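Here is the note you asked for, arranged as numbered points. Please read it with the model open beside it.

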Amino acid sequence: MWTRKSLQELMTEKLANHLFMVVSNREPYIHTFVGEEIKCVVPASGLTVALDPVMRACGGTWIAHGAGDADRDVVDSASRVKVPPEDPSYYLKRVWLSKEEENGYYYGFANQALWPLCHVSYTRPEFQESQWNTYKRVNALFAKSVLEEVGDRNAFVFVQDYHLALLPRILREANPNIITAQFWHIPWPNPEAFRISPWQEEILDGLLGNDLLGFHIRYHCNNFLDTVDRAIEARIDRDRYEVTRKGVTTRVHPFPISVDFEAISGETDSKEVLVEIDRLKHQWRLEDCLLGLGLDRIDYTKGIPERLKALDRFLEKNPEYRERLVFVQAGVPSRVHIDSYKILNEEINNLVEEINWKYESDHWKPIIYAREHLAPETLAALRRMTNFCIVSSLHDGMNLVAKEFVAGRNDEDGVLILSPFTGAARELTDALLVNPYAIDHFAEAIKTALEMPKEERQRRMRRMRTVVQENNIYKWAADIITELAKFEFGQ
Ligand code: GDG
C-alpha cells in the first residue's frame with residue numbers, strides 16, 4: 001500500500017539529484033483579502049486536491065497562476081511563498097497574468113475551445129484566433145518561469161492539464177536536459193472529434209515535447225495515438241505505446257488518478273465533522289429524512305440537469321417517497337464568465353424551482369441547492385450523512401467526487417450511483433452504473449439505491465473502499481515518478 005512516507009522514500013531514492021516541479025494553471029492555495037485580513041483558501045479543483053498531498057510528500061516547487069487578490073502581498077522577490085500555511089513543505093511560485101491574458105488563455109482558448117472539444121457533452125467549442133494567440137503567449141510565460149527556477153539544475157517537470165499543452169515543446173527546445181511529464185486530466189476524444197480544432201498540429205506537437213504523457217484510462221491513450229496518426233508526421237509504436245517526433249520519444253500511459261484515502265477516511269470521525277452533521281441536520285431539517293447528495297463543481301459536463309430530471313421522474317413515479325426524501329445538490333460555481341456556464345446555471349435554477357414547486361408541502365421541499373464554496377468539513381459531513389450519492393457526468397476524465405464519497409464512508413454504508421462515462425466507473429464497478437441520458441433508468445436507479453438491503457450496500461461499499469485504498473493518490477504519483485525516473489537511466 002502506498003503512503004505519503006513510502007512516496008517520500010521513492011522520491012529520495014529516484015529523484016534525489018533533481019529539482020521536482022509541478023506546473024499548472026490553478027494554484028493549490030489562493031490568498032485573498034477578507035476585510036483587512038489575508039486568508040488562504042483551497043480552491044475546489046480535482047487537480048489541486050489530488051496533487052497537494054504529492055507535493056507535501058515530495059517538496060520542490062509548484063508553479064501556477066497567481067489569481068488571488070492578496071497573492072502578491074505574501075510572496076518573496078522571486079514570486080514564491082511556502083505552503084501549506086499550517087505546515088510549509090514546498091514552494092508555490094506564482095505567474096502573473098493580466099486580465100486580458102487570463103481572458104484569452106483561461107476563459108477563452110482553454111475553456112471555450114479545448115474543454116468542450118475534449119468532452120463529448122454536446123457543447124460546441126469556439127475557436128478564436130486572438131484567444132489562441134494569447135494561449136501561446138501565456139504558455140511561453142509559464143515556460144519562462146520554469147526555466148528561471150530550474151537554472152542549471154537537473155529537473156523533473158510535471159506539467160498539468162490542457163491549459164499548458166504547448167509548454168513541454170518550449171521547455172524541450174530551451175533546455176533538453178529537463179525531463180518532462182504531463183498529465184491530461186480530461187478525456188482525449190477520438191480523432192474525428194479532435195480534428196475540428198484549427199490548431200490540432202500545434203497542440204499535438206506541443207504535447208509530444210514530453211518524455212511521458214499520462215491519461216486516466218487506456219481508452220484515452222488509444223484516442224491520442226489515433227489522433228496523432230491521423231493528424232501529423234510521427235512514428236507510432238503501438239506495442240510500446242510510444243510516439244517519436246522530431247527526435248523525441250514520448251511514452252503515452254494510463255495513470256488513473258485518485259484521492260488521499262486514509263486522510264479522507266480518517267477525518268470522517270473528527271469532532272468538527274460530527275458537529276457539522278448536527279448543524280446541517282438542524283439547519284436543513286433533515287432529522288427524519290432519507291438523503292441524497294450531488295456534489296460538483298458546477299459544470300455542464302457533470303450532468304446536473306439530467307440528475308434533477310431523474311429525481312423529478314422518481315418522485316412522479318414513487319409518490320410514497322414525497323415528504324421523505326431530500327436531495328442536496330451542493331457545489332461551487334465555476335467559470336461563471338462563460339456564456340455556456342451562465343445558461344447552465346439558469347437551467348439548474350429553473351429546474352430546482354420547478355421541481356420544488358411541483359412537490360413541496362408546508363414543511364418539506366425535495367431539493368436543497370447549496371450553490372457555494374463549501375468548507376471541507378461540510379463536504380465530509382454531507383458524504384457521511386447521505387443514503388446515496390449521484391455522480392452523473394455526461395463525460396469525465398476520472399471524477400474524484402465518486403472516489404471521495406467512497407473514501408469518506410468508513411461506516412461501510414451508502415450507495416454510489418455512477419455514470420459509466422466517468423473514468424471512475426472503470427474501477428468502481430460495485431457502484432450502481434446508470435446512463436444519465438436515460439432518465440427513466442436513472443429514476444429506477446434512485447429507487448434501487450433507496451431500497452437496497454443493508455448487507456448488499458455494505459458488500460458493495462467494502463469492495464469499492466478496497467479499490468480506492470489500494471489505488472490511492474500516492475500510488476498514482478509513485479507510478480508516474482517510477483516511469484519518469486526511467487528516463488534518467490535511459491530505460
Ligand atoms: C478534473 C477532471 C478529474 C466540489 N465542490 C466543492 C469542492 N469540490 C471538489 C470535490 C473534488 C473537486 O472539487 C472536483 O473534482 P472532479 O474530479 O470531480 O472534477 P474536475 O474539477 O472537473 O477535475 C476530472 C480531475 O480533474 C482530476 O484529474 O477527476 O475528470 O475534469 O475534489 O470535492 N471542494 C470544496 N468546496 C466545494 O464547494 N472545498
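Predicted model: local features only at pLDDT ≥ 70, side-chain atom pairs only at ≥ 80, totals over all residues.

1. Residues are numbered from 1 along each chain as its sequence is written, and side-chain values use heavy atoms, with hydrogens and water left out.

2. Around the ligand there are 24 residues, of which H185, R297, L374, D396 and E404 come nearest; a residue counts as near if one of its heavy atoms lies within 4 Å of the molecule. By class, this shell has 11 nonpolar, eight polar and five charged residues, where Ala, Val, Leu, Ile, Met, Phe, Trp, Tyr, Cys and Pro count as nonpolar, Asp, Glu, Lys and Arg as charged, and the others, Gly among them, as polar.

3. An N or O atom in the side chain of H185 is 2.6 Å from a ligand oxygen, and for the side chain of R297 the corresponding distance is 2.8 Å, whereas E372 contributes a backbone N or O atom at 3.3 Å from a ligand oxygen. The ligand taken alone exposes 740 Å², and the protein buries 95% of that, with areas from the Shrake-Rupley method and a 1.4 Å probe. Two or more residues of the shell come from each of α2 (46–58) and α14 (400–408), and α14 gives the largest share, three residues.

4. Helices α10 (residues 271–283) and α13 (residues 376–385) pack at an angle of about 70°, with axes 8 Å apart, and are therefore roughly perpendicular to each other, a term that covers angles of 65 to 115 degrees. In contact (heavy atoms within 4.5 Å) are residues including V273, I277 and L280 of α10 and A380, A381 and L382 of α13.

5. Two backbone details deserve a look. The peptide bond from V83 to P84 is cis, with omega near -10°, and P84 is found in the loop between β5 (80–83) and β6 (90–95). S79, in the loop between β4 (61–65) and β5, has a positive phi, near 65°, although this residue is not glycine.

Conventions. Axes fitted to C-alpha atoms, helices over the stretch in contact; angles between N-to-C directions. Helix = DSSP H or I, 4+ residues; strand = E, 2+ residues; numbered from the N terminus. Parallel < 35°, antiparallel > 145°, perpendicular 65-115°, else oblique. Polar contact = N/O pair within 3.5 Å; in protein donor to acceptor, adjacent residues only side chain to side chain.
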